[in-house]
Amino acid sequence: MTTALDHEWMARALQLAGHGRYTSMPNPRVGCVLVKDGQRVGEGFHLRAGEPHAEIHALRDAGVSARGATAYVTLEPCSHHGRTGPCCEALIEAGVARVVVAMEDPNPVVAGTGSQKLRDAGIEVEVGCLEVDARALNAGFIMRMLEGRPRVRLKQAMSLDGRTAMASGESQWITGPEARRDVQRLRAESCAILSGVDSIIFDNSRLTVRAEQLGLDDAEAISARQPLRVIVDSQLRMPLAAACLTEPGRTLVVAVDGMAGPRRARLEDAGAEVIELPAGGDGRVDLTVLLGWLAQHEQCNELLVETGATLAGALMDADLVDELRLYVAPTLLGSEARPLLALPGIERMDQQRRLEIVDIRALGQDWRILARPEKK
């Protein structure tokens, strides 16, 4: 049974885990605190894949003081050899007496075996301390492990009358600098950004993290890791001079099977990576297949969608959106402007798509709404 003090130390471990929010992917964000005789003797967090895990940093920080200590870890210590050794073995060798774990690792390679190895070594193990907070921190990693697809967050900026751009496609800028800074942080914590080819044609979107807009102390280091740019382009209409093709990082163009040919070769020469996936019933790229491909081949945990009404509506219609992040500006664009989502076929009130509002807050003169779609 965990105590109030256990909750306090785990809260510190979760705070540490947050330091890996922009850098740990595709690995989960993990923090660890070592406590002995009521005093913190070591702590650490996982920063980048391939580098030491949180437990190793905490053990190094504690040194010999780790013997007999309690370890507070936000995710079950790993039990397998990957790019680093098993953390459960390191805890055993250090002589830790007790391990408090926020949540079991959803990775089937671990999934309870880390905790069991600790118990087999005579270490007391408690699982479930602040589990809700730990799961929220790694929602994308959990989804990839359990459902084989990334967590999908749909970001859109709109006017008060629900419009995202003028009829001509002009959209810069609906929202103010505070909202745009928030979007940059959202991009920075995403493994990939998904858009449609029309957004590239009309807006020439770069889809990059911009250090000068992040407003963070380590902005330069964070922006050095650019999310994968994924452009859904069923018929390969991508302009060869698109700005995103020359930006740092990778641009992946996704076409329908059978589109290989001279156009593909030219796009690849321009800097794109091109893949072909099966078509869905509408003749466009099957979005469910695409999400599975990104999880399997790119280890994508968090997918940010920044696109127009057609692709956004298709993702909503396919029940593939886990969160909407809507930035609402106090302005009106009129009935001729472009809508937020293309959701044809809704004709009666009993067909409406309900949303659960999770959070609403002001960002400068704009409002940010976080909402979850009710599943069909």
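Residues are numbered from 1 along each chain as its sequence is written, and side-chain values use heavy atoms, leaving out hydrogens and water. Because the model is predicted, local features need pLDDT of at least 70 and side-chain atom pairs count only at pLDDT 80 or more, while totals for chains, interfaces and linings use all residues.

**Around β16**

Strands here are DSSP runs of E with at least two residues, helices are runs of H or I with at least four, and both are numbered from the N terminus. Two strands pair if DSSP finds at least two bridges between them. Strand β15 (residues 355–363) runs antiparallel to β16, joined by eight bridges. In the hairpin that these strands make, two residues lie between them, and Gly 364 takes a positive phi near 60 degrees. Strand β13 (residues 323–329) also pairs with β16, in the antiparallel sense and over five bridges; there Arg 325 stands opposite Leu 370. Six of the eight residues of β16 (residues 366–373) are buried, so this strand is largely enclosed by the rest of the structure. Buried means under 20% relative accessible area, with exposed over 50% and partly exposed in between, using a 1.4 Å probe and protein chains only.

**The five-stranded sheet**

Now to an open sheet of five strands, ordered β2-β1-β3-β4-β5 with mixed pairing. At its edges stand β2 (39–45) and β5 (124–127), each with a single partner strand, so one side of each has no neighbour in the sheet. From one strand to the next, the twist averages 15 degrees. Strand β4 (residues 98–101) runs parallel to β5 through four bridges, and Val 101 stands opposite Val 127 in β5.

Contact means heavy atoms within 4.5 Å; axes are lines fitted to C-alpha atoms, for helices over the stretch in contact, and angles between N-to-C directions run from 0 to 180 degrees.

| Helix | Strands | Angle |
|---|---|---|
| α2 (residues 54–62) | touches β1 (31–36), β2 and β3 (70–73) | about 140 degrees with β2 |
| α4 (residues 113–120) | lies across β4 and β5 | about 155 degrees to β5 |

**Charges over rings**

Arg 180 lies over the face of Trp 173, at 4.6 Å from the ring centre. Likewise, Arg 338 lies over the face of Phe 202, at 4.4 Å from the ring centre. A charge sits over a ring if NZ of Lys or CZ of Arg is within 6 Å of the ring centre and within 35 degrees of the ring normal.
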